[in-house]
Amino acid sequence: MDILQTIVENKRLEVGRQKDAVPLESMLNFGTHQLNRRPSSMRRALQKSSTGIIAEFKRRSPSKGWLYPDAKVEDVVPVYEQAGASACSILTDSEFFGGSFRDLRTARELVELPLLRKDFIIDEYQIYQARALGADAILLIAAILTEGECRKFAALAHQLDLETLLEIHDESELSYLNYDVDMLGVNNRSLGTFHTDVEHSFLLAEKMKQAAGQGSDAPVLISESGISDTAIVSSLRQSGFQGFLMGEIFMKTKDPGLSLRDFIKEITV
């Protein structure tokens, strides 16, 4: 069994426990304040940004272990915003990434940035949950869904005024693209082995552009994982990408917000 299968099996058990403990109606009642809030557009934020950086808050990963075990959202995410991040990705998986629902709720209270709930979405319950926690967008991973599930989940997200980031890893998964996908991302890290290679984005760039099409409704292209220097960001932008999801490069330092600020300065010089 690869890492992704292990994570998904655990997630199914986890979501089942959550649904038993907090039924959907109760969960929505708890999230009334956020449900009354109009979410921000992550897609538009990336289109308008000169850097397109989606700064990620995560404490650990299955491949690297703990990056910053004591990291606090209140110390990192507001500084991400001040440093010039276009959006922020918040890991809510606890078992494998050290995240929590509290991280997303706290981030929502502290910043105006569009927030992506980054988790392994396998059930409609999690989409309602994301909305109630204050997310603006959700991640849909093609490798763990059927095409039918992807369409259903993306449509539900739009009904709830959430945007969707569809994550693929190879060309065959471009068939998952549908009208309710706002952003199309390629993960440079294999979710089976966790091997990372940014060249993966360059190899898929043309196919992604063809699948996304052109025009105002075309999904924004995003490169995810393994991006470590400004030259790569510039090259990816020239290849058609407008968003760059980056986490470990910042979270492995003592001051992630300051690291982001320095990184952005190099891009904009």
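**Rings and helices**

In this predicted model, Tyr80, Phe250 and Phe263 are joined into a cluster by ring pairs. The structure as a whole contains three aromatic pairs. In the one formed by Tyr80 and Phe250, the ring centres lie 6.3 Å apart and the planes meet at 65°, and because planes over 60 degrees apart count as edge-to-face, this pair is edge-to-face. The two partners come from distant parts of the chain, with Tyr80 in helix α5 and Phe250 in helix α11 (residues 248-251), 170 residues apart.

Are these two residues buried or exposed? The cut-off for buried is under 20% relative accessible area, so Tyr80, with 0% relative accessibility, counts as buried, and Phe250, with 1% relative accessibility, counts as buried too.

The helix that carries Tyr80, α5, also leads us to another part of the model. The axes of α5 (residues 73-83) and helix α6 (residues 101-110) come within 10 Å and cross at roughly 45°, which means that α5 is oblique to α6. The crossing in which α5 passes α6 is right-handed.

Which residues make the contact between α5 and α6? On the side of α5 they are Val73, Glu74, Val77, Pro78 and Glu81, while α6 contributes Arg102, Asp103, Thr106, Ala107 and Leu110. Sorted by class, this contact of α5 with α6 is made up of five nonpolar residues, one polar residue and four charged residues.

Definitions and conventions:
Residues are numbered from 1 along each chain as its sequence is written. This is a predicted model: local features need pLDDT of at least 70, side-chain atom pairs count only at pLDDT 80 or more; totals for chains, interfaces and linings use all residues. Side-chain values use heavy atoms; hydrogens and water are left out. Axes are lines fitted to C-alpha atoms, for helices over the stretch in contact, and angles run from 0 to 180 degrees between N-to-C directions. Helices (H or I, at least four residues) and strands (E, at least two) are DSSP runs, numbered from the N terminus. Angles under 35 degrees count as roughly parallel, over 145 as roughly antiparallel, 65 to 115 as roughly perpendicular and the rest as oblique. A crossing is left-handed if the near helix is turned anticlockwise from the far one by less than a right angle, and right-handed if clockwise. Contact means heavy atoms within 4.5 Å. Ala, Val, Leu, Ile, Met, Phe, Trp, Tyr, Cys and Pro count as nonpolar, Asp, Glu, Lys and Arg as charged, and the others, Gly among them, as polar. Rings of Phe, Tyr and Trp (its six-membered ring) pair if their centres lie within 6.5 Å; planes under 30 degrees apart count as stacked, over 60 as edge-to-face and the rest as tilted. Buried means under 20% relative accessible area, exposed over 50%, partly exposed in between (1.4 Å probe, protein chains only).
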